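Dear colleague,

I am handing over the structure below, together with some notes on its charged side chains. Please read them alongside the coordinates when you have a moment.

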Amino acid sequence: MNEITTVLARTGLLTAVQREHWKMAWLSTVDHKRIGILYMVTALVFFIVGGVEALLIRLQLAVPDNTFLHPDTYNMLFTMHGTTMIFLVAMPVLFGLANFILPLQIGARDMAFPRLNAFSFWLVPLGGILLHFSFLAGGAPAVGWFAYAPLSETPYSSQLGVDYWALALLVLGIGSVGTSINFIVTVLTQRTPNMTLRRLPLFSWMMFVNSFLVILALPILNAGLVMLLIDRRLDTHFFLPPGGGSAVIWQHIFWAFGHPEVYIVAVPAFGILSEIIPVFSRKPIFGYEFVAGSTVAIVFLSLLVWAHHMFTMGLGHTVDLFFVASSMLIAIPTGVKVLAWSATMLGGRIRLDTPMLFCVAALIQFLVAGLTGISHAVAALDWQTKNSYYLVAHFHFVFVGLIVFAVLGSLHYWYPKMSGRMLSERLGKWTFWLMTIGFNLTFVIQHFLGLAGMPRRVYTYPNLPGWGWMNMVSTIGAFFMAAAGLIFVWNLGSSLLRGKRAGDNPWNAWTLEWAATSPPPHENFHELPPIRSRRPLWDATNPDRPDPMVGTKWQAEIVVPEKNEAGVIAFICSETGFFAVLILAYLYYNARPQPGPGAQDLSLLKTGCFSLCLFASSFTIWRSEVNLRRGRQPAMVGWLAVTILLGGIFIIGQAIEYRGLYQSGVGVSSNLFATTFFTLTGFHGLHVCIGLILLLILLGLACAGDFKNGRSPALKAVGLYWHFVDIVWVFVFSVVYLLPRLL
Amino acid sequence: MTPFQFLISGWTWNAKTMVLGALSLIAYWLAFHDRRRIGWFAAALGVAFLTLMSPINTLADGYLFSAHMLQHILLLLVVPALLLLSLPESVSLAVRPRFFGHPIWGWVAGVGAMWFWHAPAMCNAAVSSAPVHALQTGSLVVLGGLFWRQILAPRDEERLPPPGAVIYLFSACVTCSVLGIIITFSPVAVCSIYTMPPADHLALLAAIRSGWGITLEKDQQIGGLLMWVPMCLIYLSAIFAQMARWFADSKTPIPTKI
């Protein structure tokens, strides 16, 4: 024993006892359950921050012509409130919940990539700190959570606030993509064998589908943020009209992300409703297939309709018309869901415990949010109400009325599983009623305020008829919600210490997480019940009348891909979105010739030569893989080295090209051609460099004899990434070097 | 000219094509005797007829880029899909060697056709030259058939399984959307031939530009938007059908053993 301790101490590893110390247990954990709880606690902390910001905003607006807050402070507060609530509360809490629940629901031991999981989580506090550090660095951003250009550009926001905002969102975006790749790969590769894809519980199914939306939508924002940061730090003009840029493009990029973002946080809430409503109605979900299928439709449609956020910007009647029609379509799949949940309750033996209360309220409030949403799809009506409190009321009905209520319901529902103790039902009811009354007091009246003409984003307002008392009602409601929040936090704490013991399955629910003990042991399950339908625990407790078996028809339901490969492919999909935005931006900004440097200053021949090296390296890394499979270790190492050499030549060639341009006076801020050229090729170069680092690590491992057994998922995964980098260059090369010469 | 007058007079009757259509309908009946599916075949002919002889064609002939785009969408996505639906299960569309049956080729055919024919040079050539136009019409139907074969082949085993099909359709939609976005927001004319005054033998131009209010920029926007939004809705409908197929047999009778 002592020997082991000294060996561990010498190598810098921890003993089991040291590992169990709470600091190590929580700070260094890679266990999905602990990471899930860390996510949720972080979200709770920021929920309090964002909530206090909201209260300050409501205090300022409580009476007309108020001077409680300085206008600048007000702008900072509503920017930080929006950003915090979306990126530091809604997304982390849902990711945390899914982190805890999803592996349990599919009978998995852990997430597919536990370390990536920990990394993704720790980016949340980092992003939160970056964002809030702006308060110390000269003032928080005061540009709204949408940061419309040109207000967010240096001439109008010269403080560092927007830079910290953009950096924070970039960090958080990377974390979200990381965790979503993890969800996708976990569902694909970590399911217990009988958990076919068509037997997935709806929450897991929706997180799975939703993760595709995250990995496609977040990179669009990341590309926009990168462009904004380049604008601000390197003095370029992507979004500044005086330098030839376009502020409208920022809006397109932001809403191409921003609209899917609404669904990124709403779809998990749909998942929560789809779990809780059947359990508390004692009926299986009505129309599982429709609920599951309509999710795919929602995710798909949400990527198509962002322009309806821009009706008031003046896109023109033609564009408006198309987006009016397509936006209205979203009402169909969401309507299908609402009907399915209602039909589940119809004729059920409904138990109105706290989780169910929250879900019923969420369902009703979401219906209202949907109806006002449809009214915004009508461009003519949207022009009248978009910049008023009517819209504020609408999206708070989505974000609070649906999502916060669903999350509160889910926490009351799954808290016993997480802690082993029940939340107090009495305090839960208090939370629910205070929350419901407070929410509706705050936001129902804002519809009327908006229709009475009160604009949003104003720090105060004149004493017009009706405005004063309506705002006062709204503010009073906000404090009801704050009281509900306090009771909830008290309930979380006191129940953890003194709550009733929960047992494994306090709600008599049917999905696999309830087959584990509460809280589940480190390895989750010792034994799983047989799984033959979507409600394995129902089948186990009612062997005389089990659910009809869900058969297996498709190979795709049971196929388990190699996890590293699946992860890299998901990552590549995400990166494709990032490069697509940069390439489209290049095309847009260079559609018309502009004064100053242009594509004619680039040397097609020289670049063509070192591009050939890069393309050839795709061949060499393939040869390396083939040789690995055939067990020819030296040849594999050789081909790998050649790949690195070719990649290196490409990077050196690009460096020489950059130097030539700099020497002839072409810098990143020369004109929009130079800006887009350096941004696009620079980011590609960065990816090549990352690929080279990965290849060098592989080379080191190969030389050390790591891949002797002839199989290496790592080489395969890095190979895929390397091919991707090459293919991106095919497009970049065509667009930047070939296209101008063809047209 | 009012829109109504134009709808009456804008038809281009092409006897050869109509005879060809009638003959193909007879040939279909003789070959398959399939009473259930001949409706699909007739629908395919009907859409082709609308595309090639209705006022859409008149407008596409030098007047409106957006009408041209509508033709493309119908020829690439609607006509071939209906044709494939009209084929009975006895017809195998398996491709030998298997390498060419890989979905990537179908995908490239469907998406590539859209990108290729909207490259400015090809777009202009197709409007100004009759043989290129004929080649375009034919190739769109054939390439569209290759694209849809992966989804709508008459035999179930020759189709992609639903998850693969969803990815196939989704990625095709996104790629076409990107082109639609480029066309919608392009500050320069994509198909420059429409910016030149056409022969205008119907004296239609004044009605289009001032009467209907479709300016050059608007025309291109409508074209791009048609590709961006309604075209994607066709893919979306197909994705719906795939979800239905994926979940369809969940009510299978309970086998005795797991």
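Does A:Arg232 count as buried or exposed, and what is its relative accessibility? This is a predicted model, and in it A:Arg232 counts as buried because its relative accessibility is 6%, which falls under the 20% cut-off.

The side chain of A:Arg232 forms a salt bridge with that of A:Asp163, with an N to O distance of 2.9 Å. Since A:Arg232 belongs to helix H8 (residues 202–234) of chain A and A:Asp163 to helix H7, the pair ties together parts that are 69 residues apart in sequence. A:Asp163 likewise counts as buried, at 5% relative accessibility, and, leaving aside neighbours within four places in sequence, A:Asp163 is in contact with A:Leu229, A:Arg232 and A:Arg233. A network of salt bridges links A:Asp163, A:Arg232 and A:Arg233.

Over all chains the structure holds 13 salt bridges, including one between A:Lys429 and A:Glu425, whose closest N and O atoms are 3.4 Å apart. Both of these residues lie in helix H16 (residues 425–451) of chain A, four residues apart, or about one turn of the helix; A:Lys429 is partly exposed at 28% relative accessibility, and A:Glu425 is partly exposed at 27%. In chain B, the side chains of B:Asp34 and B:Arg37 meet in a salt bridge of 2.9 Å, N to O, where B:Asp34 is buried at 10% relative accessible area and B:Arg37 is buried at 16%.

Finally, A:Arg629, A:Arg630, A:Arg632 and A:Lys716 form a positive surface patch, in which A:Arg632 is partly exposed, at 42% relative accessibility.

Best regards

Notes:
Residues numbered from 1 in each chain as written. Chains lettered and ligands numbered in written order. Predicted model: local features only at pLDDT ≥ 70, side-chain atom pairs only at ≥ 80, totals over all residues. Heavy atoms only, no water. Patch = residues over 30% accessible without salt bridge, like charges linked within 9 Å, V, L, I, M, F, W, Y side chains within 5 Å. Areas by Shrake-Rupley, 256 points an atom, 1.4 Å probe, with all protein chains shown as cover. Salt bridge = Lys/Arg side-chain N within 4 Å of Asp/Glu carboxyl O. Lys, Arg positive; Asp, Glu negative; His and termini not counted. Charge placed at Lys NZ, Arg CZ, Asp CG, Glu CD. Buried < 20%, exposed > 50% of the residue type's maximum accessible area, 1.4 Å probe, protein only. Contact = heavy atoms within 4.5 Å. Helix = DSSP H or I, 4+ residues; strand = E, 2+ residues; numbered from the N terminus.
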